[in-house]
Amino acid sequence: MANQVERVKAGEAELKDKLVSLNRVAKVTKGGRTFSFAAIVVVGDGQGRVGYGLGKARDVSECIGKAVDDAKKNLISVPIYKGTIPHEQKGKYGAGKVLIKPASDGTGVIAGGAMRAVLESAGVQNVLAKSQGSSNPHNVVKATIDALQRLRSPETIAKQRGISMEKLFEG
């Protein structure tokens with residue numbers, strides 16, 4: 001059961017953007033080739049908020065600018081517990097499948113290119129991640145966002161079960 005998309009206002013905090021993929025597209029016409037660009041960008045504040053966006057334009061800088069604006073409109077909130085994620089989670093989008101696992105302190109972000117950008121922008125410091133399906137950056141980014149959206153914070157789980165936080169972490 002996925003959580004509802006928790007929309008967050010972009011103007012509240014300083015967001016850093018990372019370019020995940022830049023693709024040059026050629027349209028062949030009678031007069032020759034017309035080139036345009038498509039970019040996918042991830043933005044995040046490093047405090048549990050992250051979003052992605054797609055921009056298309058004839059110029060690279062305009063294309064990236066559009067992608068950043070789109071990413072700021074699609075921010076979600078991610079529960080981060082002690083520098084890692086609260087529990088293991090799978091995400092899927094199209095043929096892109098990802099698996100993210102919590103890791104102990106000092107592990108770092110063990111993830112591939114597109115996943116790494118999303119997890120670092122969200123502010124996760126220790127995580128193990130594996131992309132299992134498509135290597136297409138668009139699908140990998142969307143699958144990673146899907147996995148992060150499905151995460152539930154320890155407080156939420158304790159409240160749903162009607163137990164205290166201490167009892168939740170008893171082994």
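Hi everyone, let me start with a side-chain pair: Q160 and R152 are joined by a polar contact of 2.6 Å between their side chains. Please keep in mind that this is a predicted model. Q160 sits in helix α4, which covers residues 154-161. Is Q160 buried or exposed? Its relative accessibility is 55%, and the cut-off for exposed is over 50%, so Q160 counts as exposed.

The largest nonpolar core contains 25 residues, and V50, I100, L119 and L148 have the most contacts inside it. Which elements each supply at least two residues of this core? They are β2, β6 (96-102), α2 (113-122), β8 (127-131) and α3 (137-150). Helix α3 gives the largest share, with six residues. As background, nonpolar side chains in soluble globular proteins tend to be buried together.

Let's zoom in on L119. Leaving aside residues up to four places away in sequence, L119 touches I100, V109, A111, V124, V127, A129, T144 and L148. So that you have the other one too, there is a second, separate core of seven residues, with A67, V68, A71 and L75 among them.

Where does K16 find its bridge partner? At G44, in β2. And β1 and β2 make a hairpin, with two residues between them.

Thanks, and I'm happy to take questions!

Key:
Residues are numbered from 1 along each chain as its sequence is written. This is a predicted model: local features need pLDDT of at least 70, side-chain atom pairs count only at pLDDT 80 or more; totals for chains, interfaces and linings use all residues. Side-chain values use heavy atoms; hydrogens and water are left out. Two strands pair if DSSP finds at least two bridges between them. Helices (H or I, at least four residues) and strands (E, at least two) are DSSP runs, numbered from the N terminus. Buried means under 20% relative accessible area, exposed over 50%, partly exposed in between (1.4 Å probe, protein chains only). A polar contact is a pair of N or O atoms within 3.5 Å; within protein, one must be able to donate a hydrogen and the other to accept it, and residues adjacent in sequence count only if both atoms are side-chain atoms. A nonpolar core is a set of buried Ala, Val, Leu, Ile, Met, Phe, Trp, Tyr and Cys residues joined through side-chain atoms within 4.5 Å. Contact means heavy atoms within 4.5 Å.
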